[in-house]
Amino acid sequence: MASAPLSTAPLAHVLGVTASLSGKAWRWRGGNMELGDAGALGLEHSILDQLLLTRGVAPDDLARHARPTLREFLPDPSAFRDMDAAADRISHAVMTGEQVTIYGDYDVDGATSAALLVELLRQLGLDAGYYIPDRLLEGYGPSGEALVKLAEGGSSLIVTVDCGAMAHEALGMAKRAGVDVIVVDHHKCSPELPETAALVNPNRLDESDLGAAYGHLAAVGVAFLLGIALVRTLRTKGWFSQRREPDLMGLLDLVALGTVADVAALHGLNRAFVAQGLKVLARRERIGMAALIDASRLTRAPVCSDLGFALGPRINAGGRVGESTLGVRLLTTTDPEEARAIATQLSQLNEERRAIEAEVQEAAEAQLAGQHNMAVQLLSGHGWHPGVIGIVAGRVKEKTGKPAIVIALDGSLGKGSGRSISGVDLGAAIIAAREAGLLVAGGGHAMAAGLTIDSGRLADFAGFLDERLARDVDRARAGAAMLLDLALAPGGLTPELVESLEAAGPYGVGWPAPRVVVGPVRIVKADIVGKDHLRLVASGMDGRSFKAIAFRAAETDMAQTLLHRSQGRRFHLAGRVKLDDWGNRPAAELHLEDAAFAD
């Protein structure tokens with residue numbers, strides 16, 4: 001059928017599905033788009049506009065969002081509190097040749113933020129050092145001992161990235177040691193800020209309305225804005241009268257990787273960062289990034305999903321189960337041989353991380369049966385590797401549809417990492433629990449948080465979370481539905497459709513990838529591949545067939561129903577369309593997320 005007019009009732013059930021095989025109602029994300037056999041032919045413009053509109057873009061702002069550029073989305077960095085003070089202090093260090101250390105975090109956002117500032121300062125003529133704490137020995141954030149040691153080693157300026165917003169004690173020690181510290185962060189802040197030379201963070205509670213509008217930035221995005229402010233400040237001081245200005249746009253590969261890997265919301269400026277950063281990545285100009293792409297066995301230019309599922313996990317593996325400095329070393333090296341060696345080592349560590357993660361996940365999920373009435377899944381165990389608890393928390397969240405916190409116990413203390421669902425601010429709850437005396441330390445943002453807890457307070461902490469978040473979790477889950485963007489027959493599932501859908505990308509948190517529903521179809525073939533992936537071949541009434549795969553779904557009710565075909569009944573299949581380019585001719589396939597009976 002031809003494309004239907006946009007529906008005036010966006011909450012209408014798609015194809016009448018009120019309870020799918022996974023128990024969800026199917027609703028239109030926005031207007032009703034039923035393409036039928038037409039696929040994307042001749043409809044590229046209408047599909048792009050519809051995808052943008054249903055992701056919150058105003059009708060008169062479609063052109064800007066269709067091709068996001070920094071020129072259209074960059075704010076004036078001076079709009080952020082302490083930005084000018086930070087730029088001025090660092091410019092002084094550049095012009096006088098001070099010893100500067102960038103103090104990062106051990107995850108991808110921290111590594112890319114540190115690498116960005118190290119590379120920028122290098123282009124400005126200052127060879128800055130860096131310090132990345134060990135996850136197991138030092139934990140998250142700056143320690144006072146490390147800051148004082150850096151000061152004693154000659155650093156007169158330390159810039160913390162992706163950490164420091166809540167490090168009151170450590171930064172107080174640094175000030176008493178006579179070293180200036182600038183904090184560049186994006187995590188939630190308390191009303192009382194630590195003592196710093198400057199604290200740049202769009203999530204400061206006293207941030208201006210304009211600055212607070214960029215609270216979704218990853219730390220690497222904030223670091224990039226600081227870079228712009230720094231170059232501008234040095235320009236006004238005449239620093240470039242006989243020097244070449246640095247290539248700020250060439251740093252966007254780092255910004256894109258850190259933004260996606262930190263699961264930052266991909267709308268507005270972040271979407272422009274990633275869109276432009278992917279172009280920089282495709283040029284393979286950063287030696288370490290090129291080595292990482294090769295180690296990931298990518299034979300094409302990276303796309304957005306590669307940042308989160310191929311490149312990011314390898315950088316993270318160093319901080320999780322290996323050496324915390326590997327990521328920054330890789331991203332700042334100018335030696336191709338060193339780059340290849342580090343990228344290979346990170347790939348090996350990533351495989352080790354996968355094995356450790358599987359063990360912890362199995363042990364954590366064994367505790368779920370006793371927590372079905374809890375608003376937040378709080379899982380803990382002795383001997384669990386703290387380097388994988390965040391990943392496991394994310395897996396548990398996806399499986400249960402509830403926020404999850406996974407805690408690795410070691411003696412009387414536990415290190416925890418949490419992941420939340422849309423509509424539930426976990427970071428604020430963690431900060432409140434810390435202020436209530438239930439935690440030794442804790443912080444984060446709405447969707448992710450970290451903590452340290454005395455093992456004797458676990459029950460009290462669980463009760464606190466249940467009381468504080470139960471209503472928010474119930475509300476969020478009650479409103480949960482499978483949101484779909486368009487419906488079509490199998491004949492419309494084409495490479496051209498994939499191209500049309502990708503035109504509204506890059507996609508991520510806050511800018512969800514389109515979901516389509518294809519049907520009605522009969523299941524021609526169904527089996528389990530790998531450990532627990534469901535693979536299908538489905539055929540429609542139009543005589544066209546296609547492949548579909550549901551990852552990590554073998555034990556679900558949906559998979560079991562499809563495996564047995566339910567006595568030849570027909571189905572509607574919902575998920576995300578991807579391009580399968582393994583064969584001689586590219587074909588569109590469906591990454592299956594849900595299904596419903598069609599008759």
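**Overall build**

The model is predicted. Its chain contains 20 helices and 19 strands. The C-alpha trace extends about 75 × 60 × 45 Å along its principal axes. For 599 residues, a compact globule would have a radius of gyration near 25 Å, and the chain agrees, because its own value is 25 Å.

Burial comes next. Of the 599 residues, 56% count as buried. The accessible surface of the chain is about 25,400 Å². Carbon and sulfur atoms account for 50% of that surface.

Sequence separation says something about how the chain contacts itself. Take the contacts between residues at least 6 apart in sequence: 67% of them join residues at least 24 apart.

**Charge and salt bridges**

The chain carries 60 positive and 72 negative side chains. The centres of these two sets lie 4 Å apart. Salt bridges in the structure number 30. The table lists some of them.

| Salt bridge | N to O distance |
|---|---|
| Arg64 and Asp61 | 3.0 Å |
| Lys399 and Glu365 | 3.1 Å |
| Arg515 and Glu593 | 3.2 Å |

Start with Arg64, whose side chain meets that of Asp61. Arg64 counts as partly exposed, because its relative accessibility is 27%.

Which parts of the chain does the bridge between Lys399 and Glu365 link? Lys399 sits in helix H16 (residues 389–400). Glu365 belongs to helix H15 (residues 336–365). Lys399 is exposed, at 55% relative accessibility. Glu365 is partly exposed, at 23%.

The salt bridge of Arg515 and Glu593 also has partners in separate elements. Arg515 lies in the loop between helix H19 (495–502) and strand E15 (516–529). Glu593 is in strand E19 (residues 587–597). These parts are 78 residues apart in sequence, so the pair ties them together.

Is Arg515 buried or exposed? Arg515 counts as buried, because its relative accessibility is 15%, under the 20% cut-off.

Note on methods:
Residues are numbered from 1 along each chain as its sequence is written. This is a predicted model: local features need pLDDT of at least 70, side-chain atom pairs count only at pLDDT 80 or more; totals for chains, interfaces and linings use all residues. Side-chain values use heavy atoms; hydrogens and water are left out. Helices (H or I, at least four residues) and strands (E, at least two) are DSSP runs, numbered from the N terminus. The radius of gyration is taken over C-alpha atoms; the globule rule is 2.2 Å times the number of residues to the power 0.38. Buried means under 20% relative accessible area, exposed over 50%, partly exposed in between (1.4 Å probe, protein chains only). Contact means heavy atoms within 4.5 Å. Accessible areas come from the Shrake-Rupley method with a 1.4 Å probe; for residues, only the protein chains shown count as cover. Lys and Arg count as positive and Asp and Glu as negative; His and the chain ends are not counted. The place of a charge is taken as NZ of Lys, CZ of Arg, CG of Asp or CD of Glu. A salt bridge is a side-chain nitrogen of Lys or Arg within 4 Å of a carboxyl oxygen of Asp or Glu.
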